[in-house]
Amino acid sequence: MGWPGAALNSLNSGRAAARAMPTKPTPDMQKWCVDEKGQPRIDKGAENLCMDESEICFIDGFHSKLYYRGYSIEDLANYSTYEETTYLLWHGKLPTRSELSAFSDQLRNNREIPQGAYDLIRAIPRDTHPMEALRTVASYLGNVDPEKGKLGLDSMMPKAIRLTAKLPTVVAALARAREGKEPIRPRSDLSHAANFLYMLSGEVPDKFWERAMDVSLVLYAEHEMNASAFATVVVGSTLSDYYSSIVAGIGALRGPLHGGANEEAMKQFLEIGKPENVDSWFKENVLTGKKRVMGAGHRVYKTYDPRAKIFREYAKKSVEVSRDPKIADIYRVAERLEDLIMGQLCESRGICTNVDYWSGIVYYAMGIPIEQYTPIFAIARIAGWSAHLMEYVARNRILRPRLYYKGLLDVEYVPIERRG
Ligand code: ACO
């Protein structure tokens, strides 16, 4: 048998001799991306891609409705807790009293993070955005998980419990490290929401702030196949590990078009500063197309986001409870800007207030730094990411979409010395 390179050489020289001008693929070479007239059929942004069946969440974007497992978001915000909602998302039913108690205990008992994670948090440069730091520490927690290396559905639920319990500890420790403060260890006698606030400040919150945080976690817990859930499921569909999937979700959530919008919305209110500046700011920036209003517009909602309505009530109550004139001013800025959005963007163009518009005001009133708002979103959304991951992988098919290729084929390879 001769050296295979010889055959390859003759093939290459044959190809070079036969090479014609570069071509483009004909429509029938990529028929999954062309319509019956041979034109590209592109679903930019995957807007109309219905990639699977699901029983987790339904959004009725034209009637301001949102349901987790069939329960309305209003009922969940009124009556449920983050722990109960997470159980509902993962198990498909509301827990009995004893199921909820056992589930809450599992979360409470898994809050502590290993010393290595505290060391890593200390080593992360302080000017790192907390979402980028969270991504790093979440990944590290996968390296020290007792079931590390295990792939597939069986290990997902215990890992989901561990990481959901630990993320608030990581976020709080990162927030404190950013300010040069020592971390505060989690307490197991507090609710998920109260313990998080306690770890941030060292003070056990009163009932109003605990409930405000708890409701915000419920509102942020899940939202169907958004960008971060999709990123999570794409990774999971390769049968990769749980932590890799969640880290992908954190990465996607960080962007200002998705979870990062709650920080940007707050910065926008502060930039406007006073209620009397709103109209001119809107005219100069939004009506001219210079800026998007952050916390407005949504791929699915073409009317008011029902979560924004609930956050708005909490923002209003937060102003009353905090009695801080600065927060009252910011609230009035947001109120006036919302009037303009609803009057000039919502009905005519379907760009209405979304979940990220009012949430920041609630966190601002709690004294939480702005760069922590998206990490708070992440500690809530891990419930939804995990639910989708488990549901998808249970009936898995690798996610592998196509692109319409509009480049050239058979381009001659020019050796580097002849390229000039
Ligand atoms: N302010 C002003 N104009 C907007 C806004 C906005 N907030 N949102 C969309 N538009 C305009 C766009 O400029 C575009 O106008 P054009 O057709 O004249 O070019 C049109 O509406 C459609 O915009 P798209 O970006 O194609 O809409 P899409 O559905 O892809 O995007 C998105 C949705 C990303 C949420 C968008 O509305 C946006 O950028 N909003 C601001 C950021 C934000 O609040 N994100 C949080 C969303 S909720 C969440 O992810 C948790």
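Pro130, Met131 and Leu134 in helix α6 meet Thr374, Pro375 and Ala378 in helix α17. Contact here means heavy atoms within 4.5 Å. By class, this contact has five nonpolar residues, one polar residue and no charged residues. Ala, Val, Leu, Ile, Met, Phe, Trp, Tyr, Cys and Pro count as nonpolar, Asp, Glu, Lys and Arg as charged, and the others, Gly among them, as polar. Helix α6 covers residues 130–143, and its axis lies 8 Å from that of α17 at an angle of about 35°. Axes are lines fitted to C-alpha atoms, for helices over the stretch in contact, and angles run from 0 to 180 degrees between N-to-C directions.

The model is predicted: local features need pLDDT of at least 70, side-chain atom pairs count only at pLDDT 80 or more, and totals for chains, interfaces and linings use all residues. Residues are numbered from 1 along each chain as its sequence is written, and side-chain values use heavy atoms, with hydrogens and water left out.

The protein chain has 17 helices and three strands. Helices (H or I, at least four residues) and strands (E, at least two) are DSSP runs, numbered from the N terminus. The C-alpha trace spans about 80 × 55 × 45 Å along its principal axes. Of the 420 residues, 48% are buried. Buried means under 20% relative accessible area, exposed over 50%, and partly exposed in between (1.4 Å probe, protein chains only). Among contacts between residues at least 6 apart in sequence, 74% join residues at least 24 apart.

Helix α8 (residues 192–201) is mostly covered, with nine of its 10 residues buried. Among them are His192, Phe196 and Tyr198. The buried residues of α8 pack against α3 (82–91), α7 (156–178), α9 (207–220) and α17. Just after α8, Gly202 takes a positive phi of about 90°.

Val34 is found in the loop between α1 (4–18) and β1 (57–60). Val34 is buried, with a relative accessible area of 11%. Leaving aside neighbours within four places in sequence, Val34 is in contact with Pro27, Gln39, Pro40, Arg41 and Tyr404. Val34 and Tyr404 are 370 residues apart in sequence, yet 8.0 Å apart in space, C-alpha to C-alpha.

The structure holds 22 salt bridges. A salt bridge is a side-chain nitrogen of Lys or Arg within 4 Å of a carboxyl oxygen of Asp or Glu. Glu132 pairs with Arg254 in one of these, with the closest N and O atoms 2.8 Å apart. The pair links distant parts of the chain: Glu132 is in α6, and Arg254 is in the loop between α11 (242–253) and α12 (261–272), 122 residues apart. Glu132 is partly exposed at 28% relative accessibility, and Arg254 is partly exposed at 29%.

Glu210 forms a salt bridge with Lys207, the closest N and O atoms being 3.1 Å apart. Both residues lie in α9, three residues apart, about one turn of the helix. Glu210 is buried at 15% relative accessible area, whereas Lys207 is exposed at 65%. Glu271 and Lys291 also meet in a salt bridge (2.9 Å, N to O). Glu271 lies in α12 and Lys291 in the loop between α13 (278–286) and α14 (306–322), so the pair ties together parts 20 residues apart in sequence. Asp145, Glu147, Lys150 and Arg162 are linked in a network of salt bridges.
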